[in-house]
Amino acid sequence: DDQGNAVISGRVKNTGGRRADFVKINITLYRDWSETLAPKTFTVFVEGTSYELDTDKLKKSQASVEPKAIAPFSLVVPKSFGTIMSWKYDIDYEEY
């Protein structure tokens, strides 16, 4: 971005048959190939649809993805992190 931060963005598609709630991406970033600088894991939620998940309206997800739907995500990595050499990620979600 214009501040010198790295921005990692993408889209997640729900290929299943049920709605996924609280969809998040855990991204582990590596700063060098030898791993002498410790990797760091960042977590970001998708920009999904909003759902109230109980009758008392106490549990609400703003990161739900319907079957066959696509939701974007964006992670801003601070400039102070350093150069990103590689990464790995996993996607986590709940079903209500």
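This text walks through a predicted model of one protein chain, from its overall form to single residues. Residues are numbered from 1 along each chain as its sequence is written, and side-chain values use heavy atoms, with hydrogens and water left out. Local features need pLDDT of at least 70 and side-chain atom pairs count only at pLDDT 80 or more, while totals for chains, interfaces and linings use all residues.

Start with the whole chain. It has 0 helices and 7 strands. Both are DSSP runs, numbered from the N terminus: helices are H or I with at least four residues, strands are E with at least two. Along the sequence the pattern reads β-β-β-β-β-β-β. The radius of gyration is 16 Å, well over the 12 Å that the globule rule gives for 96 residues, so the chain is more spread out than a compact globule. This radius is taken over C-alpha atoms, and the rule is 2.2 Å times the number of residues to the power 0.38. Along its principal axes, the C-alpha trace spans about 50 × 25 × 20 Å.

Now look at what is covered. Of the 96 residues, 28% count as buried. Buried means under 20% relative accessible area, exposed means over 50%, and partly exposed lies in between (1.4 Å probe, protein chains only). Among contacts between residues at least 6 apart in sequence, 70% join residues at least 24 apart.

Next comes the inside. In soluble globular proteins, nonpolar side chains tend to be buried together. Here the largest nonpolar core has 17 residues. Such a core is a set of buried Ala, Val, Leu, Ile, Met, Phe, Trp, Tyr and Cys residues joined through side-chain atoms within 4.5 Å. Strands β1 (6–13), β2, β3 and β6 each give two or more residues to this core. Those with the most contacts inside the core include Ile 25, Val 46 and Phe 73. Take Val 46 as an example.

Turn to the rings. How many aromatic pairs does a search of the whole structure find? It finds 2. Rings of Phe, Tyr and Trp (its six-membered ring) pair if their centres lie within 6.5 Å; planes under 30 degrees apart count as stacked, over 60 as edge-to-face and the rest as tilted. Phe 22 and Tyr 96 form an edge-to-face pair, 5.9 Å centre to centre with 75 degrees between the planes. Phe 22 lies in strand β2 (residues 21–30) and Tyr 96 in the segment after β7 (86–94), so the pair ties together parts that are 74 residues apart in sequence. Phe 22 is partly exposed at 23% relative accessible area, and Tyr 96 is partly exposed at 43%.

The other pair is Phe 42 and Phe 81. Their ring centres are 5.9 Å apart and their planes at 70 degrees, so this pair is edge-to-face. Phe 42 lies in strand β3 (residues 40–45) and Phe 81 in the loop between β6 (70–77) and β7, so the pair ties together parts that are 39 residues apart in sequence. Both Phe 42 and Phe 81 are buried.

Charges meet rings too. The charged end of Arg 31 sits over the ring of Phe 81, 4.5 Å from its centre. The charged end of Arg 19 sits over the ring of Tyr 51, 4.2 Å from its centre. To count, NZ of Lys or CZ of Arg must be within 6 Å of the ring centre and within 35 degrees of the ring normal.

Definitions and conventions:
Contact means heavy atoms within 4.5 Å.
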